[in-house]
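Please walk through this fold from its overall make-up down to single residues.

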Amino acid sequence: MSMALKQVFNKDRTFRPKRKFEPTALSAPKYMSLLMDWIEVQINNENIFPTNVGTPFPKCFMQVAKKILSRLFRVFVHVYIHHFDRVTQMGAEAHVNTCYKHFYYFVTEFNLTDHKELEPLITSQIC
């Protein structure tokens, strides 16, 4: 596991929501790779996402879920701002738009992200 990724984990590979880290400059592909690795570890952590019936969700569940969704939103923003011309060339804009709409409706319906997180796409009139 890379040093940048280790910075967001405790020894037991769980999310550390309260520690502050200095932002690290990363290329978009590196950020995406680290993000997807981090999300995979979170989702596979049964202390955060229990899989057994009757096992309660931890107190930090909503905080971790919201952090995952806000970071995934950054992926949408990046795709729309920097790669939408390529998405259009591939004829995939309807698919990407539908995926984003489902994401947007889900996070807004269940209050899973702060409205200010959604402003980059609203401001650019993509929503």
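A residue is called buried when its relative accessible area is under 20% and exposed when that area is over 50%, with partly exposed residues in between. Asn111 has a relative accessible area of 57%, so it counts as exposed. The model in which this value was computed is a predicted one. Asn111 lies in the loop between H4 and helix H5, which spans 115–123. The backbone at Asn111 has a positive phi of about 55 degrees, although the residue is not a glycine. For background, most residues other than glycine have a negative phi.

The overall fold can be described next. The protein has five helices and zero strands, and along the sequence the pattern reads α-α-α-α-α. Of its 127 residues, 31% are buried. Among contacts with a separation of 6 or more, 55% are between residues 24 or more positions apart.

How do the helices pack? Two packed helices are described by the angle between their axes and the distance between the axes. Helix H2, residues 28–44, packs with H3 at an angle of about 155 degrees, and the two axes are 11 Å apart. Angles over 145 degrees count as roughly antiparallel, so H2 and H3 are roughly antiparallel to each other. Their crossing is left-handed. On the H2 side the contact includes Tyr31, Met32, Leu35, Met36, Trp38 and Ile39, and on the H3 side it includes Val64, Ile68, Leu72, Val75 and His78. Sorted by class, the contact of H2 with H3 has eleven nonpolar, two polar and three charged residues.

Val75 gives a local view of this contact. It is located in helix H3 and, at 17% relative accessibility, counts as buried because the limit is 20%. Setting aside neighbours within four places in sequence, Val75 is in contact with Met32, Leu35 and Met36. Val75 and Met32 are 43 residues apart in sequence, yet their C-alpha atoms are 7.5 Å apart in space.

H3 also packs with H4. The axes of H3 and H4 come within 11 Å and cross at roughly 160 degrees; H3 and H4 are therefore roughly antiparallel to each other. The crossing of H3 and H4 is left-handed. Residues in this contact include Leu69, Phe73, Phe76, Tyr80 and Phe84 of H3, and Val96, Tyr100, Phe103, Phe106 and Val107 of H4. By class, the residues of the contact of H3 with H4 are 14 nonpolar, two polar and one charged.

In soluble globular proteins, nonpolar side chains tend to be buried together. The largest nonpolar core here has 13 residues, and the members that touch the most others are Leu69, Phe73, Phe76, Tyr80, Tyr100, Phe103 and Val107. Helix H3 (61–89) and helix H4 (93–109) are the elements that give two or more residues to this core, and H3 gives the most, with six residues. Apart from neighbours within four places in sequence, Leu69 is in contact with Phe103, Phe106, Val107 and Leu112. A second, separate core has eleven residues, including Leu35, Phe61, Val64 and Ile68. Leu35, Val64 and Ile68 also take part in the contact of H2 with H3.

Terms used. Residues numbered from 1 in each chain as written. Predicted model: local features only at pLDDT ≥ 70, side-chain atom pairs only at ≥ 80, totals over all residues. Heavy atoms only, no water. Core = buried A, V, L, I, M, F, W, Y, C linked by side-chain atoms within 4.5 Å. Buried < 20%, exposed > 50% of the residue type's maximum accessible area, 1.4 Å probe, protein only. Helix = DSSP H or I, 4+ residues; strand = E, 2+ residues; numbered from the N terminus. Contact = heavy atoms within 4.5 Å. Axes fitted to C-alpha atoms, helices over the stretch in contact; angles between N-to-C directions. Parallel < 35°, antiparallel > 145°, perpendicular 65-115°, else oblique. Left-handed = near helix turned anticlockwise from the far one by under 90°. Nonpolar A, V, L, I, M, F, W, Y, C, P; charged D, E, K, R; others polar.
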